[in-house]
There are 2 protein chains.
Amino acid sequence: MAKDFSSFLSLEGATRKKSPLKSLIPLMHGDMISLGGGLPHPSTFPFHSLSAQITSMRPAAHQQKAVVAAASSDTVTVPLAPQPDKIESLTASLQYGIGTGIKSLRDFCREHVRLMHQPQYQDWDVILSAGNTDAFSKVVGLLCNRGDKILVEEWTYPTALETLDPHGIGHVAVEMDGEGMTATGLRRILDNWGSTPEQANDPKPRVVYLIPTGQNPTGATMSVKRRMDILAVAQDHDLILIEDDPYYYLQFHVEGGSWMPTLLSMDTDGRVIRLDTFSKTLAPGCRVGYMSMNARFCDTMQYHNEVTIQQPSGFSQAILAEMLVSHWGQEGYTRYLTDNVRTEYLKRSQYLQTELKTHINPKLASFIEPSAGMFIWIKIHVDQHPRYKTVKDSALMLDLFRKCVENNVLMVPGWQFSCKPKPQDVDPADVMNCWFDEDANYLRATFAYASFEQMKEASIRFGQTLDQFFSA
Amino acid sequence: MAKDFSSFLSLEGATRKKSPLKSLIPLMHGDMISLGGGLPHPSTFPFHSLSAQITSMRPAAHQQKAVVAAASSDTVTVPLAPQPDKIESLTASLQYGIGTGIKSLRDFCREHVRLMHQPQYQDWDVILSAGNTDAFSKVVGLLCNRGDKILVEEWTYPTALETLDPHGIGHVAVEMDGEGMTATGLRRILDNWGSTPEQANDPKPRVVYLIPTGQNPTGATMSVKRRMDILAVAQDHDLILIEDDPYYYLQFHVEGGSWMPTLLSMDTDGRVIRLDTFSKTLAPGCRVGYMSMNARFCDTMQYHNEVTIQQPSGFSQAILAEMLVSHWGQEGYTRYLTDNVRTEYLKRSQYLQTELKTHINPKLASFIEPSAGMFIWIKIHVDQHPRYKTVKDSALMLDLFRKCVENNVLMVPGWQFSCKPKPQDVDPADVMNCWFDEDANYLRATFAYASFEQMKEASIRFGQTLDQFFSA
């Protein structure tokens, strides 16, 4: 069983309760007639059936898909009323429900987590979310009070920090290397907490937010040893780990199902909150993800869902349930992840890396090859610039960014992923006129979206821009 | 233009900022190649097309719908790639977007608000939400700090209070009559604020939450005069009004489009935040609503969406957009609201009222006829009970509720809508063993969901239960 982490709940988390409204549900059996729950009548739903053409994962069709394109498509249909051969109906999935999400899809996700991560304690559970961004904001509410600080990777997903700021929750940057957050860096901060004047009044952080696979923006993936070391620090310092893992299934070197073990899979205490999403494996517009954690936390997250989103869209849930449960199954979904999603991003990653290497002078910029995810974190060697040390690094980087825009190649400025506070006197949205953080000598490139032709052309333009910039 | 209400923003609301990540979007024009935004590649989406059978609102088909059922159905289809004759595509609607929701659906909702409510100031705007529950929780974050109190109807939607509690935001109950919250009650509280010891340290409330049409649970609908009076108090005491109006289109006596004027339509200052949802007009499972408010507040709500749900489900949005924009239009949607939704609930309301009147002894229970919504708020005349005054009213009501359950008729206990604090020593979810609030001598019945046969049988059972209970 999970350890008792209820002392980690925030004021908000500890106060969340089950709604009495839901207490009537157990009374609904036998001959009971309910004039209770305010459910709209399905006769007012203008939707009579729903269907989607989906990629077929039937083994036969799959093998032949290169030959007969039409055979690679299946139709999933959700009828209005429940039918014996269908797991979902619009009457049910478009009605109000409970904050866990619909049973069929939740069960599928729970089974997927069991198969993939085999959690080592018994009372873990899974509920659906509206994607990892919403899930993270709720985990923050579960665990953090105004004035708390959470530990984050020194370069991180900006939306995570934007989630914390308005709630008065701070963050502490932990150093990274090519494998993401370092365990030594994490331990050093916690061992020495309180030793600096600014930490004297701050409660010691108890929560770590990290993106262990194909990290955004650095592309770093934690090795098995790194994961074990991070978990050891978490046990020593009694931390909750938020494992935000949207890029988990974009591991390029997976062979024979050898997925990287996750923090959840190593956790014997129930201290890992794992966030998964269909955004990168099926489509962002699903707005469906799933969260795995100890049952105590899971219940509170459910109550939070019930006073916010209630549950993910019924259209999304019904289509995903029919596709994943009735058509693909666990085997088909896993095959889709490896054969379609992973293969596509592997191909794209290799292509952009090759093009960048071909067109960039390695003295001027470099990157570590990502083994997962969507991103290449390009370090700019500003020390090679003629004006190096005569102007600030940030001035050089802003100059380079502007030249990139002039030459019609766009990457994300490294400072957007910085943990350092932004000055109040400049509008960070004014991206052509500001560059924060003297150490942010990076640009983030993605191979996820552009066409191959565009990636080639962008690499050429970027290489030329670098040559032009460094010779100025 | 709206007045400046920025001083009403909470610590959270005032701190929310536009994400720098979005600042790259304006640079995307001309020959620009972006390796910026981390958008998944649409080739990894396993969805090739989406379609739904919907109720036809073509005038011809509509007139004949009783005759030819098949003709009353249309098909909306969302193709994978953009097509000239389609407003949405899966490539776009299943991709990441901005926190306002997709343009076509947002524009439709904005135009609908303009047509229905004709706001009297210029800089109002509309953005999409994941339904009114999520929207309300975000409005609370926009305006309220821990320790604040907001003004609510004395019987109200329990989820609203459950939204406030975990954030340490209190509530003050305002008296109601058959037309909902009274303006005199609201004014009295504010005129005398600070005069009681418990108010001495509380900041004066600045936010009112109210459900003006077919109120949950009382079924009350505010008259035009009541709305004007409430707005006058809001102007005198400088209040923000949260107009949560999910039952607005369930007005039974609408004739020739004579919808009740809304608080938004009367507001000249920009102090009304109006929450609309498709949950009661199309289906709860859409998880799509829209919020109308001054542009300053609207921007902040957008930033809040962007760090939580991002936007409603792309499946939901694409289907609603195709149905509402391409098929129904404003005229068709309004006709659906009046001819289908309103008519169904009118019929149901009248049926249950008639059955209740037929089978209930009017000396034992009574109700005010609702003119909108889904609910009948049944007052139990406990003073007619032989044990009245010898035991607490709450004991009598709990006894009645148990007898109802024994007799297989379920309604919601009135205390679940009470604003009074619940004792800590009893589990409010244990609904068979607790009845809080000595004044909650009510049961809430809904005519929304049960079949007509069930409503008749439930009325008979309830009438018999009352007879049995009052003769004990």
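B:Glu344 is buried, with a relative accessible area of 12%. Buried means under 20% relative accessible area, exposed means over 50%, and partly exposed lies in between (1.4 Å probe, protein chains only). B:Glu344 forms a salt bridge with B:Arg348, and their closest N and O atoms are 2.8 Å apart. A salt bridge here is a side-chain nitrogen of Lys or Arg within 4 Å of a carboxyl oxygen of Asp or Glu.

This is a predicted model, in which local features need pLDDT of at least 70, side-chain atom pairs count only at pLDDT 80 or more, and totals for chains, interfaces and linings use all residues. Residues are numbered from 1 along each chain as its sequence is written, chains are lettered from A and ligands numbered from 1 in the order in which they are written, and side-chain values use heavy atoms, with hydrogens and water left out.

**Salt bridges**

- B:Arg348 and B:Glu344 both sit in helix H11 (residues 314–359) of chain B; they are 4 residues apart, so about one helical turn separates them.
- Helices (H or I, at least four residues) and strands (E, at least two) are DSSP runs, numbered from the N terminus.
- B:Arg348 counts as buried, at 1% relative accessibility.
- Salt bridges with shared partners tie A:Lys103, A:Arg106, A:Asp107, A:Arg110 and A:Asp125 into one network.
- Side chains of opposite charge can pair when their charged atoms come close.
- A:Glu12 and A:Arg16 form a salt bridge, with the closest N and O atoms 2.9 Å apart.
- A:Glu12 is buried at 10% relative accessibility, and A:Arg16 is buried at 8%.
- A:Asp74 and A:Arg58 meet through their side chains in a salt bridge (2.6 Å, N to O).
- This pair links distant parts of the chain, 16 residues apart: A:Asp74 is in strand E3 (residues 73–79) of chain A, and A:Arg58 is in the loop between strand E2 (47–55) and helix H2 (59–64) of chain A.
- Is each partner buried or partly exposed? A:Asp74 counts as buried, at 10% relative accessibility, whereas A:Arg58 is partly exposed, at 43%.
- Over all chains, a search of the whole structure finds 62 salt bridges.

**A sheet in chain A**

- Seven strands of chain A make an open sheet: 7 strands in the order E4-E12-E11-E10-E9-E5-E6, with mixed pairing.
- Strand E4 (124–129) and strand E6 (170–174) of chain A stand at the edges; each has a single partner strand, so one side of each has no neighbour in the sheet.
- Neighbouring strands of this sheet are turned by 20° against each other on average, direction ignored.
- Two strands pair if DSSP finds at least two bridges between them.
- Strand E11 (residues 272–277) and strand E12 (residues 289–294) of chain A run antiparallel and are joined by 4 bridges.
- A:Asp276 stands opposite A:Tyr290 in E12(A).
- Helix H4 (residues 103–117) of chain A lies across E4, E11 and E12 of chain A, and runs at about 130° to E4(A).
- Helix H8 (residues 224–236) of chain A packs on the sheet, where it touches strand E9 (207–210), strand E10 (240–244) and E11 of chain A; its direction makes about 150° with that of E10(A).
- Axes are lines fitted to C-alpha atoms, for helices over the stretch in contact, and angles run from 0 to 180 degrees between N-to-C directions.
- Contact means heavy atoms within 4.5 Å.

**Covered elements**

- In strand E5 (residues 149–153) of chain B, 4 of its 5 residues are buried.
- E5(B) runs parallel to strand E6 (residues 170–174) of chain B, joined by 5 bridges.
- B:Glu153 stands opposite B:Val174 in E6(B).
- H10(B) is mostly covered, with 9 of its 12 residues buried.
- Among the buried residues of H10(B) are B:Phe297, B:Met301 and B:Tyr303.
- A:Lys403 lies in helix H12 (residues 393–406) of chain A, and is buried at 16% relative accessible area.
- Neighbours within four places in sequence aside, A:Lys403 is in contact with A:Thr465, A:Gln468 and A:Phe469.

**The two copies**
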